[in-house]
Amino acid sequence: MYAELFRLDGRAALVTGGSRGIGLACAEALGEAGARVAISARSREEGAKAVDYLKQKGIEAIYLPADVSSESAAQEAVRQAAEALGGLDILVNNAGIARHCDSLKLTPETWNEVIDTNLTGLFWCCRAAIGMMVAKGSGSIVNIGSISGFISNLPQNQVAYNASKAGVHMLTKSLAGEFAASNIRINAVAPGYIETAMTQGGLDDPEWSKIWLGMTPMARAGKASEVAAAVLFLASDAASYVTGSVLTIDGGYTIH
């Protein structure tokens, strides 16, 4: 009985930023559970490679080029995913960028780039998907937040990123309350330091990694698959009574 709750057979999912790292792991997890998967990403080359990888795993997958920081592009990606997959049951908002910069040197262009991608674009995707899910009468959205939405990271300065992820967490809760009566569940995960291309530079830096891992009780970086497993849970019927939650996946970093 319980294993079946995690199955997604017959369902369609869109994963933004799904060409690598956490996004690709999420697409793989959802696909292995039986979902048809669309991934969106800016890079056509990386998107094509990701789809090839998923198909080799026996997963039905397509790639959609999109820069979700644009409202029209986000809406179009959601529309195309639903059209190609025969509907949309699950949305995983993973697209995001990080920029390290001292606050007094932060330019308006960099601030806008981070906020537009990580927060505003995520909202555009949510809104487009929710419109379809309301009409259908069901749906599940999982947003990728961060421990940076709870704490101010050390030693790097990244005020725009931190602000964007705090916004993702509150956006998740706000939308969850607004659309719970429509049978749409909206949750988020808050990963800590995960082994991806985005964090590799910091993990390779002796000073940064000493602080990052030294402040993590489990004394290691996480794996993208460990985040994807939590996303699968939240997207599935196993989490049928969960909405408005932000699940922390950080090896204990934020328990201090």
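Visitor: W124, buried or exposed?
Guide: Buried, with a relative accessible area of 18%. The cut-off for buried is under 20%. Keep in mind that this is a predicted model.

Visitor: Which residue forms an aromatic pair with W124?
Guide: F123. The pair is tilted, with 5.4 Å centre to centre and 50° between the planes. F123 counts as partly exposed, at 27% relative accessibility.

Visitor: How many aromatic pairs does the structure hold?
Guide: Five. Another pair is Y193 and Y253, with ring centres 5.7 Å apart. Their planes are at 70°, so that pair is edge-to-face.

Visitor: Where do Y193 and Y253 lie?
Guide: Y193 is in the loop between β6 (184-191) and α6, and Y253 is in the segment after β7 (246-249). The pair therefore ties together parts 60 residues apart in sequence. Both residues are buried. With W208 and W212, they form one aromatic cluster.

Visitor: What about the largest pocket?
Guide: Its space is about 880 Å³. The lining has 42 residues, with N94, A95, G96, I97 and M198 nearest the centre. Elements giving two or more lining residues include α1 (21-32), α4 (108-136) and α6 (197-204).

Visitor: How do the lining residues divide?
Guide: 16 nonpolar, 21 polar and five charged.

Key:
Residues are numbered from 1 along each chain as its sequence is written. This is a predicted model: local features need pLDDT of at least 70, side-chain atom pairs count only at pLDDT 80 or more; totals for chains, interfaces and linings use all residues. Side-chain values use heavy atoms; hydrogens and water are left out. On a 1 Å grid over the protein atoms alone, a cavity is a set of points where a 1.4 Å probe fits but cannot get out, and a pocket is an open set with protein on both sides within 12 Å along at least five of seven lines; lining residues have an atom within 4 Å of a point. Grid points are joined across faces, edges and corners, and a volume is the space filled by probe spheres set on the points. Helices (H or I, at least four residues) and strands (E, at least two) are DSSP runs, numbered from the N terminus. Ala, Val, Leu, Ile, Met, Phe, Trp, Tyr, Cys and Pro count as nonpolar, Asp, Glu, Lys and Arg as charged, and the others, Gly among them, as polar. Rings of Phe, Tyr and Trp (its six-membered ring) pair if their centres lie within 6.5 Å; planes under 30 degrees apart count as stacked, over 60 as edge-to-face and the rest as tilted. Buried means under 20% relative accessible area, exposed over 50%, partly exposed in between (1.4 Å probe, protein chains only).
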